[in-house]
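I set out to look up a few features of this structure and write down what I find. The entries follow in the sequence I made them.

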Amino acid sequence: MTTVAIVGAGPAGLSAAIEVAAAGLRPVLIDEAPRIGGQVYRQPPPELQRPFTALYGAQAAQAQDLFARWSTVEHEVEHRPNTLVWQLEDRTLHLLENGRAGMLPFDALVIATGATDRILPFPGWTLPGVFTLGGSQVLLKSQGSVIGPRVVFAGSGPLLYLVASQYVKAGAQVLAVLDTAPADAQRRALPAMLARPRLAASGAAILWRLRTAGVPVHRGVKLLRAEGEGAVARLVWENEGKAHTTECDAVAFGHGLRSETQLADLAGCAFDFDAIDQAWLPRRDEHGRTSVPGVYIAGDGASIRGADAAELAGARAARALLQDMGRPVRAQTDAPMQPHDRWREAMAVLAAPPANWAADAPDELVVCRCEHVTAGELRACATATGAQELNRLKAQSRVGMGRCQGRMCGAAAARLLAHTTGSDLQSVGRLRTQPPVKPVPVAVIGAALAQPTPVPAEESDD
């Protein structure tokens, strides 16, 4: 029996599962969440279910269509919710499934792990009440709760405005949207945004909703610090050379998204530096084939393009997988990817991180909160040891050795090292992935070490 594993049940993973199941195979769909949808189409518990329009706004029709297509094949898919893939070796996934250790050998793998917030910290970001944009959205979508009654949204990128508008709709008091991208970013991004006019119109509607709700929007902002005794109570920021203080109960911040590439790294995929995403991404062809035979990648885990592009990429990856297996593939005409590529360029402009972040970061700023490594310690370490490469800096300073394995602090550490050494992001490299990619109980690792690696089953004729 052929085992096709798909990791991630967002738009890319669901589309891949639909294609594979339609071809007569029974894929294994693995996801950390209890229900399908990923982050963009995250579903609350059944007892808190709300209408699609309430959950997904302008994306309701796309979500409803995707879920409807999934419903036609879900009985042909082995769906494993509440399951974390924490290691990949010898074509075997190591799992933490509902609290129990497990292993899944595979013949082919589609990685559709999506993206998470790109974090460039500012003083006070470790105070209780400071959340990432993605974290604040998860709470709202999954539980119908907000991070505080009076919230400031800060950072850059479309997610900043989207989550702020969702909080307005949920009844929270959004005190301000503080955009750290250059003040002219929207004007410069507009030509590329018009490649997808429906999404551009949706963005304009979000801005109008914030304006009509009386939410102040400031662009070209610099975040100075969050303050408070025991929890965040105010955010201090600068605009046009003038300092401002906004009293608040919570802050949500982030600078666009970064692809989750850990499993591709553990699979042995080759990586290339991508100037648009300012990150190292798995090498792949237009159909999602990576440098490792039998391993495919799709969605925001390959590059940040959004939900519509993720669906398209997931279906393409699944068809490439089927073709490589010699399986029949449904005839289908793909929508062109070029508009999504243009949109990606626009999103990179809108989510531009602060250009002088590394130079402005004070020495006492905590960069790696897991190991409590500060910007000053990283600068001193790079200077004293002559570290020119990120993994060397990690070995000398412990940055990225904590629970998140550098997923949260890696982008900031790379920028600090590049600035300190007078280099660039490409030259300092990327953090090599070490298992577990996310925290698991020690007993789970012990159980995996005690078991022989299972051998994938040979492909049958049925």
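**Entry 1: two helices**

I looked up helix α5 (residues 158-170) and helix α7 (residues 197-212): their axes come within 9 Å and cross at roughly 45°. I keep in mind that this is a predicted model. Angles under 35 degrees count as roughly parallel and 65 to 115 as roughly perpendicular, so I put α5 and α7 down as oblique to each other. The crossing of α5 and α7 is left-handed.

Next I asked which residues make the contact. On α5 I found Y161, L162, A164, S165 and V168, and on α7 I found I206, L207, R209 and L210. Sorted by class, the contact of α5 with α7 has seven nonpolar residues, one polar residue and one charged residue.

**Entry 2: a sheet**

I then turned to an open sheet of five strands. I noted its order as β3-β2-β1-β7-β20, and the pairing is parallel. Which strands are at the edges? They are β3 (78-80) and β20 (295-297), and each pairs on one side only. On average, neighbouring strands of this sheet are turned by 15° against each other, with direction ignored.

I looked further at one pair. Strand β7 (residues 108-111) pairs with β20 in the parallel sense over three bridges. V110 stands opposite Y296 in β20.

I also checked what lies across these strands. Helix α9 (residues 307-324) lies across β1 (4-7), β7 and β20, and α9 runs at about 160° to β20.

**Entry 3: backbone exceptions**

Most residues other than glycine have a negative phi, and most peptide bonds are trans. I searched for exceptions.

Where is a peptide bond cis? I found one from P435 to P436, with omega near 0°. P436 lies in the loop between α15 (425-428) and α16 (442-450).

For phi, I wrote down two residues. N82 has a phi near 50°, a positive value in a residue other than glycine. N82 lies in the loop between β3 and β4 (83-89). D90 also has a positive phi near 50° and is not glycine. D90 lies in the loop between β4 and β5 (92-97).

Is each of them buried or exposed? The relative accessible area of N82 is 32%, so I recorded N82 as partly exposed. For D90 the relative accessible area is 57%, and the cut-off for exposed is over 50%, so D90 goes down as exposed.

Definitions and conventions:
Residues are numbered from 1 along each chain as its sequence is written. This is a predicted model: local features need pLDDT of at least 70, side-chain atom pairs count only at pLDDT 80 or more; totals for chains, interfaces and linings use all residues. Side-chain values use heavy atoms; hydrogens and water are left out. Axes are lines fitted to C-alpha atoms, for helices over the stretch in contact, and angles run from 0 to 180 degrees between N-to-C directions. Helices (H or I, at least four residues) and strands (E, at least two) are DSSP runs, numbered from the N terminus. Angles under 35 degrees count as roughly parallel, over 145 as roughly antiparallel, 65 to 115 as roughly perpendicular and the rest as oblique. A crossing is left-handed if the near helix is turned anticlockwise from the far one by less than a right angle, and right-handed if clockwise. Contact means heavy atoms within 4.5 Å. Ala, Val, Leu, Ile, Met, Phe, Trp, Tyr, Cys and Pro count as nonpolar, Asp, Glu, Lys and Arg as charged, and the others, Gly among them, as polar. Two strands pair if DSSP finds at least two bridges between them. Buried means under 20% relative accessible area, exposed over 50%, partly exposed in between (1.4 Å probe, protein chains only).
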